[in-house]
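Keep the sequence and the 3D view open while you read.

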Amino acid sequence: DERRVATFIMPGETFVPELGGAAFTMTANITRTGMAFTKWWAGVVPNNNDHSHLNLPYLRFAEVLLNYAEALNELNRTADAYAQINRVRERAG
């Protein structure tokens with residue numbers, strides 16, 4: 001996924017915040033998964049590992065709309081499904 005680099009940092013990768021701050025190289029023991037969000041990066045919180053004061057989205061609204069479209073399509077409501085797909089397209093420009 002081309003967006004992965006803009007969203008996650010993986011062990012061995014270095015992240016330089018666009019809004020300033022120190023560069024950070026990820027190590028596998030920083031978080032439980034070995035990965036961390038870089039979008040809306042607030043920096044490393046000392047002695048707090050992967051916890052943040054920010055509310056980070058784990059599910060994109062586009063994903064909700066696409067899941068809804070899939071359900072509509074399975075109910076043979078194809079026109080309604082396309083309406084949801086078009087909402088995603090409109091939001092993305």
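## A charged patch, a salt bridge and a buried methionine

Start with Lys39, which sits in the loop between β4 (36-37) and α2 (61-74). Those labels follow DSSP runs numbered from the N terminus, where helices are H or I runs of at least four residues and strands are E runs of at least two.

A quick word on the model: it is predicted, so local features need pLDDT of at least 70 and side-chain atom pairs count only at pLDDT 80 or more, while totals for chains, interfaces and linings use all residues. Residues are numbered from 1 along each chain as its sequence is written, and side-chain values use heavy atoms, with hydrogens and water left out.

Going along from the N terminus, the elements run α-β-β-β-β-α-α. That gives three helices and four strands.

Back to Lys39. Together with Arg60, Arg87 and Arg91, Lys39 forms a patch of positive charge on the surface. Patches take residues with over 30% relative accessible area and no salt bridge, and like charges are joined within 9 Å. Lys and Arg count as positive, Asp and Glu as negative, and His and the chain ends are not counted. The place of a charge is NZ of Lys, CZ of Arg, CG of Asp or CD of Glu.

What do the side chains of Asp80 and Arg77 meet in? They meet in a salt bridge, at 2.9 Å from N to O. The term means a side-chain nitrogen of Lys or Arg within 4 Å of a carboxyl oxygen of Asp or Glu. By this rule the count is one.

How covered are these residues? Buried means under 20% relative accessible area, exposed over 50%, and partly exposed in between (1.4 Å probe, protein chains only).

| Residue | Relative accessible area | Class |
|---|---|---|
| Lys39 | 42% | partly exposed |
| Asp80 | 34% | partly exposed |
| Arg77 | 39% | partly exposed |
| Met26 | 1% | buried |

Now find Met26, in the loop between β3 (24-25) and β4. Leaving aside residues up to four places away in sequence, Met26 touches Ile9, Met10, Pro11, Gly12, Glu13, Thr31, Gly34, Met35 and Ala36. Touching here is a contact, with heavy atoms within 4.5 Å. Met10 is 16 residues from Met26 along the chain, and their C-alpha atoms are separated by 6.2 Å.

Finally, the whole protein: buried residues make up 18% of its 93 residues. Of the contacts between residues at least 6 apart in sequence, 29% join residues at least 24 apart.

Definitions and conventions: Patches are made of residues with over 30% relative accessible area and no salt bridge: like charges are joined within 9 Å, nonpolar side chains (Val, Leu, Ile, Met, Phe, Trp, Tyr) within 5 Å. Accessible areas come from the Shrake-Rupley method with a 1.4 Å probe; for residues, only the protein chains shown count as cover.
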